[in-house]
Amino acid sequence: MPAGNGRRAERFLRTTGQHATIEPDAFTDGSYVLSIGGAEQSHVNLAQPDEIFYEYLRRIGHLVDLAAPPRKPVTALHLGAGALTLARYIQATRPGSMQYAVELERELLDFVLRQLPLPEGTDLHTIIGDARGALAELEPGLLFDVVILDIFSGPEAPEHLACTEFYSEVRERLTPRGLLIVNVGDEPGLTLVRSQVAAMRRAMGDVAAFAEAGMFEGRYPGNIVLAGTQTPWPEGWSEALVSRGPHPAKVLAGVDLDRLAPQS
């Protein structure tokens, strides 16, 4: 019986040798939690997919909200699928969107789709493989309004993804007004965040960082969401993102971002 019917489900993931579980959220009706190796990874609200529980994912959702006029369908690429929380959000807020999801763990993607089916009408194409390899193999001419990279979950990140060359390849797959969104989970000191700001700045037209205000002090671990645009950071976006929260929120762009990636 699918977990979506209120039961706990478990699956062994051969690539990592860990167990994945999906079980009901005890505090929110219609919601489920995906855990891998005992650690929570994703939260899905099947009843209200436009409501996102994790703060950093809500911030990514707010960036997607700004990527195109409200309710307008977009073409989106998810590098790192998880429980497809953001794919569900895009379908709920932008019906008719065409989406692609790349996931390295075949068993994980199959497990999620079987236990937590996508909303009716979702146009999602799934790809099993490495994010960079899958990007290169997409059909020529396919461009995206939004590319979301949600793979970096600690101070160590795959070198072939956490680099300017990869971000340049992503940029080639963006529409002229396309948006690259990168979630960076990091430790105090923000070493990975700093390196990714620098790498994205070399590849993209402009870059901004969006997070809980205290994260920029670098005193504790957490998530900072980086956004890369083809053009200068749009006027009004920083104010709009801060007002949408979650609060307290802060956006660093332009010269304000220099303290995370000092120029030589």
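**Sheet and cavity**

Modeller: There's an open sheet of four strands in the order β1-β2-β3-β4, with antiparallel pairing. Strands here are DSSP E runs of at least two residues, helices are H or I runs of at least four, both numbered from the N terminus, and two strands pair if DSSP finds at least two bridges between them.
Colleague: Which are the edge strands?
Modeller: β1 (9-13) and β4 (39-45), each pairing on one side only.
Modeller: It's a predicted model, with local features needing pLDDT of at least 70 and side-chain atom pairs 80 or more, while totals for chains, interfaces and linings use all residues. Residues are numbered from 1 along each chain as its sequence is written, and side-chain values use heavy atoms, leaving out hydrogens and water.
Colleague: How many bridges join β1 to β2?
Modeller: Five, with β2 covering residues 18-24. Arginine 11 has alanine 20 in β2 as its bridge partner.
Colleague: What packs on the sheet?
Modeller: Helix α3 (residues 106-115), touching β1, β2 and β3 (31-36); contact means heavy atoms within 4.5 Å. The α3 direction makes about 165 degrees with that of β1, using lines fitted to C-alpha atoms (for helices, over the stretch in contact) and N-to-C angles from 0 to 180 degrees.
Colleague: New topic: what lines the largest cavity?
Modeller: Val44, Asn45, Gln48, Pro49, Glu51, Ile52, Thr85 and Arg88. On a 1 Å grid over the protein atoms alone, a cavity is where a 1.4 Å probe fits but cannot get out, and lining residues have an atom within 4 Å of a point.

How values were computed:
On a 1 Å grid over the protein atoms alone, a cavity is a set of points where a 1.4 Å probe fits but cannot get out, and a pocket is an open set with protein on both sides within 12 Å along at least five of seven lines; lining residues have an atom within 4 Å of a point.
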